[in-house]
Amino acid sequence: MEWHACLDEYEKLVIRMTTPRVVIDNAVCPTATLVKVDSARRDGILLDAVQVLTDLNLSIKKAYISSDGQWFMDVFHVTDLNGNKLTDESVISYIEQSLETSFPDRSHGFDGSTALELTGTDRVGLLSEVFAVLADLQCDVVDAKVWTHNGRIASLISVKDCNSGSPINDSQQIDRIGSRLRNILRGDNDIRSAKTSVSLAITHTERRLHQMMFADRDYGRKPVLQCREDSPVVTVQNWAERGYSVVNVQCKDRAKLLFDVVCTLTDMQYVVFHATINTAEDKAYMEFYVRHTDGTPISSEAERQRVVQCLRAAVERRASHGVRLELCTSDRQGLLANVTRTFRENGLNVTRAEISTTNDIARNVFYVTDAIGNVADPKIIETVREKIGLGELKVKELPLIYHEREEAAIGVGGAVLSLGSLVRKNLYNLGLLIKSYS
């Protein structure tokens with residue numbers, strides 16, 4: 001056999017040996033589907049596996065991860081968003097095919113659109129100004145994600161030319177868009193840190209948002225919202241005997257939580273060798289044994305503090321603050337500018353947004369608070385709904401504080417009867433609103 005043929009056979013053997021093996025089991029656990037992955041260890045393999053599962057909107061209830069030596073083994077306990085096992089064969093097949101790819105391509109293009117990246121100082125009405133500028137420059141927003149944290153904003157906005165429906169490729173037009181958006185993002189006191197750029201493709205939308213906010217150092221800024229009891233608790237300790245740093249994260253469980261944490265550890269150049277993830281009721285408990293990519297543990301108190309800050313920020317960026325409003329309507333030019341202007345004129349601040357357009361139907365999600373980050377007045381929410389359209393803008397999720405107020409009012413009974421008329425009137429109005437939204 002010729003030498004090059006021997007090399008070909010050797011390469012094939014290496015591929016067979018290192019290709020991940022995936023087993024999906026619905027028999028072992030009564031409450032979840034087990035997804036087992038065995039593979040030769042390589043950079044980013046854990047993030048790839050978690051990303052496949054979370055991109056399908058699956059909930060990871062438990063996970064056990066081990067990758068000492070040159071082999072990676074993990075088990076994920078997953079359900080759908082309703083807490084059920086996976087039974088759809090197309091979903092199971094997709095997971096198997098995706099995880100069995102040795103070097104999966106996780107890049108996402110923008111399907112014939114131009115991607116704008118924005119970071120700057122957040123303020124009430126900023127999103128309204130951004131969308132107004134884009135509408136004025138004949139840009140049609142087809143997709144967008146907006147995160148805010150610690151007074152900063154990061155956004156990825158996919159746009160097309162309103163007239164042609166094509167990507168915006170003209171360099172002068174792109175420069176005009178960037179210049180006007182930077183002026184808005186700078187505001188009165190953000191001359192240095194406001195940034196805009198154009199991206200043809202990104203690794204992953206949500207991973208890119210984490211990277212943008214990390215580069216903007218949102219983790220080191222003073223929190224705008226007061227700390228709540230459900231704020232994440234992060235600790236970092238070194239296990240000197242084994243050369244690991246042990247990272248513990250305890251917080252309220254939510255969708256895509258594990259992705260956010262693993263994404264941040266990966267982008268900070270840490271490798272997860274072992275991990276245990278568990279959820280109980282609405283709480284998540286995660287423990288990671290990590291080292292730098294060069295094999296060393298965390299080496300200083302300053303670095304330890306930075307890891308704590310960055311992981312807290314990673315958890316908080318996607319946390320839901322405010323009332324969740326969902327808009328479903330026919331897409332039209334200037335729709336987002338008009339909707340967000342209505343929010344601004346009524347003193348509502350958008351803390352997070354997910355915007356998409358499919359077959360000329362706009363499906364948008366907004367989380368809104370009042371101007372200083374407190375719970376929005378339900379009467380203002382109702383006023384906004386009336387202006388935008390009761391049938392188009394609906395309340396899908398109320399903050400926990402609404403329910404806490406209701407329980408407190410019920411608990412005190414007649415002891416606060418002198419204060420009762422006003423409290424009960426507001427709760428009665430709130431009850432009517434909740435019924436109308438449901």
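Biologist: Which residues have the most contacts inside the largest nonpolar core?

Modeller: In this predicted model, they are Val35, Phe76, Leu258, Met286 and Phe288, in a core of 51 residues. Domain 1 (2-101) and domain 3 (233-317) each supply at least three residues to this core.

Biologist: What is leucine 258 in contact with, leaving aside its neighbours within four places in sequence?

Modeller: Its partners are Val50, Ile60, Phe76, Ile277, Met286 and Phe288. Another core, of 44 residues, lies apart from the largest one and includes Phe131, Ile184, Val339 and Val395.

Biologist: Why is threonine 114 called buried?

Modeller: Buried means under 20% relative accessible area. Threonine 114 has 6%, so the residue is buried. Threonine 114 belongs to strand β5 (residues 114-121). Leaving aside neighbours within four places in sequence, threonine 114 is in contact with Ile157, Ser158, Val159, Pro167, Ile168 and Val198.

Biologist: What makes the pair of threonine 114 and isoleucine 168 a polar contact?

Modeller: The cut-off for a pair of N or O atoms is 3.5 Å. A polar atom of the threonine 114 side chain lies 2.9 Å from the backbone nitrogen of isoleucine 168, within that cut-off.

Biologist: Which residues of helix α3 (residues 89-99) are buried?

Modeller: Ile92, Ile95, Ser98 and Leu99.

Biologist: How do you know that they line one face of the helix?

Modeller: Viewed down the axis of α3, the buried residues fall within an arc of 135°, so they line one face. They pack against β1 (21-25), β2 (33-40) and α2 (45-55). Glu89, Ser90 and Gln97, on the other side of α3, are exposed.

Technical notes:
Residues numbered from 1 in each chain as written. Predicted model: local features only at pLDDT ≥ 70, side-chain atom pairs only at ≥ 80, totals over all residues. Heavy atoms only, no water. Buried < 20%, exposed > 50% of the residue type's maximum accessible area, 1.4 Å probe, protein only. Helix = DSSP H or I, 4+ residues; strand = E, 2+ residues; numbered from the N terminus. Arc of directions from axis to C-beta. Contact = heavy atoms within 4.5 Å. Core = buried A, V, L, I, M, F, W, Y, C linked by side-chain atoms within 4.5 Å. Domains from an automatic or database assignment. Polar contact = N/O pair within 3.5 Å; in protein donor to acceptor, adjacent residues only side chain to side chain.
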